[in-house]
Amino acid sequence: MERGVEMRVQRIAEEGIAEIPSQYIQPLENRPLIIVEKDCNNLIPEINLFGFDAEQKDSVREAIGEACREWGVFHVTNHGVSMELMDQMRTAGLSFFRDYPFEEKLKYACDPNSAASQGYGSKMLLNNEKGGVLDWRDYFDHHTLPLSRRDPSRWPHFPPCYSEVLGKYSDEMKVLAQKLLGLISESLGLSPSYIEDAIGDLYQNITISYYPPCPQPDLTLGLQSHSDMGAITLLIQDDIPGLQVFKDFQWCTVQPLSHAILVILSDQTEVVSLMVGGLLPLQNTLFLFVLDCVFLLGMPVFEHHKPFREQKPFDESEVQLITK
């Protein structure tokens with residue numbers, strides 16, 4: 001089995017192992033079997049943004065404010081991001097992991113010694129040198145905003161449309177994130193630009209997470225429990241449920257909603273809300289990914305800001321797209 005930069009979960013899974021390596025086994029108290037699962041599909045707020053129609057703004061703002069205070073996570077529909085573009089991004093991300101030789105993917109390997117390195121990797125959110133348990137997950141992290149960080153030469157060149165699709169996806173997600181942050185600010189009784197002004201310049205990362213088949217999904221996690229450090233996370237799920245959020249002292253499963261985007265409040269937005277005296281603070285979200293018998297794909301977009309000014313396992317693989 002490879003070590004270092006060449007060790008990837010997909011590579012391990014393709015060896016046809018019957019037992020997962022010890023470094024992926026979670027402590028007993030963290031294993032999926034002991035998590036109390038609850039179907040939150042009918043509980044997690046689903047908010048129709050009505051294409052940001054001005055006539056619907058008051059009701060949308062009120063719904064977002066309530067969802068932020070009660071949950072810190074909610075689905076949005078009619079969000080303005082092209083459904084065709086979302087499907088193209090899923091297809092391109094899945095193609096990178098499933099259709100190209102391992103040696104070709106390694107040409108895009110990230111720096112294993114840098115947590116902030118973009119590229120193809122497997123060890124995000126972990127400190128292996130201190131004996132941390134590894135996630136059953138591979139990923140490709142892209143630095144997309146500001147434009148000075150955007151370097152398409154470091155993104156996959158296959159399929160041929162990859163860079164063009166990712167660039168368009170990044171731009172549309174930025175617009176959505178800014179509109180949502182404006183509505184969240186207004187839900188706190190603040191000006192639309194308050195949260196953005198308080199946090200600073202916008203940085204965006206887009207991560208495609210791939211959860212390969214796992215022979216022992218009851219022993220490991222696709223992504224361990226955490227909250228995101230940025231301002232807001234926009235997540236596109238595939239059609240396989242794997243995401244769980246922590247609510248009222250229990251873990252509950254978030255069922256995928258076709259062409260909806262899951263909005264997850266992150267740490268910086270919660271901090272800003274706490275700084276506003278006399279207002280009910282917003283709630284960020286603790287979440288993880290559990291594995292099942294099929295692959296998963298996740299695509300989160302992470303919107304975060306630097307600097308912070310003084311004033312968020314399966315038998316077969318899954319892919320996920322996240323924007324932060």
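Start with strand β7, residues 232-236, in what is a predicted model. Ile232, Leu234 and Ile236 point one way from the strand, Thr233 and Leu235 point the other way, and all are buried. With five of its five residues buried, β7 is largely enclosed by the rest of the structure.

Its pairing next. β7 pairs with strand β10, residues 261-265, in the antiparallel sense, over four bridges. Isoleucine 232 has leucine 265 of β10 as its bridge partner.

Now the helices, with α5, residues 162-187, as the reference. Helix α3, residues 83-99, packs against α5 at about 135°, and the axes are 10 Å apart. That angle makes α3 oblique to α5. The crossing is left-handed. On the α3 side, the contact is made by Leu85, Gln88, Met89, Ala92, Gly93 and Phe96. From α5 come Tyr162, Val165, Leu166, Lys168, Tyr169 and Glu172. By class, this contact of α3 with α5 has eight nonpolar, two polar and two charged residues.

The other packing partner to show is helix α2, residues 57-70. The axes of α2 and α5 come within 8 Å and cross at roughly 80°, so α2 is roughly perpendicular to α5. Here α2 contributes Lys57, Val60, Arg61, Ile64, Gly65, Cys68 and Arg69. α5 contributes Leu180, Leu183, Ile184, Glu186 and Ser187. The residues of this contact of α2 with α5 divide into six nonpolar, two polar and four charged.

Note on methods. Residues are numbered from 1 along each chain as its sequence is written. This is a predicted model: local features need pLDDT of at least 70, side-chain atom pairs count only at pLDDT 80 or more; totals for chains, interfaces and linings use all residues. Side-chain values use heavy atoms; hydrogens and water are left out. Axes are lines fitted to C-alpha atoms, for helices over the stretch in contact, and angles run from 0 to 180 degrees between N-to-C directions. Helices (H or I, at least four residues) and strands (E, at least two) are DSSP runs, numbered from the N terminus. Angles under 35 degrees count as roughly parallel, over 145 as roughly antiparallel, 65 to 115 as roughly perpendicular and the rest as oblique. A crossing is left-handed if the near helix is turned anticlockwise from the far one by less than a right angle, and right-handed if clockwise. Contact means heavy atoms within 4.5 Å. Ala, Val, Leu, Ile, Met, Phe, Trp, Tyr, Cys and Pro count as nonpolar, Asp, Glu, Lys and Arg as charged, and the others, Gly among them, as polar. Buried means under 20% relative accessible area, exposed over 50%, partly exposed in between (1.4 Å probe, protein chains only). Two strands pair if DSSP finds at least two bridges between them.
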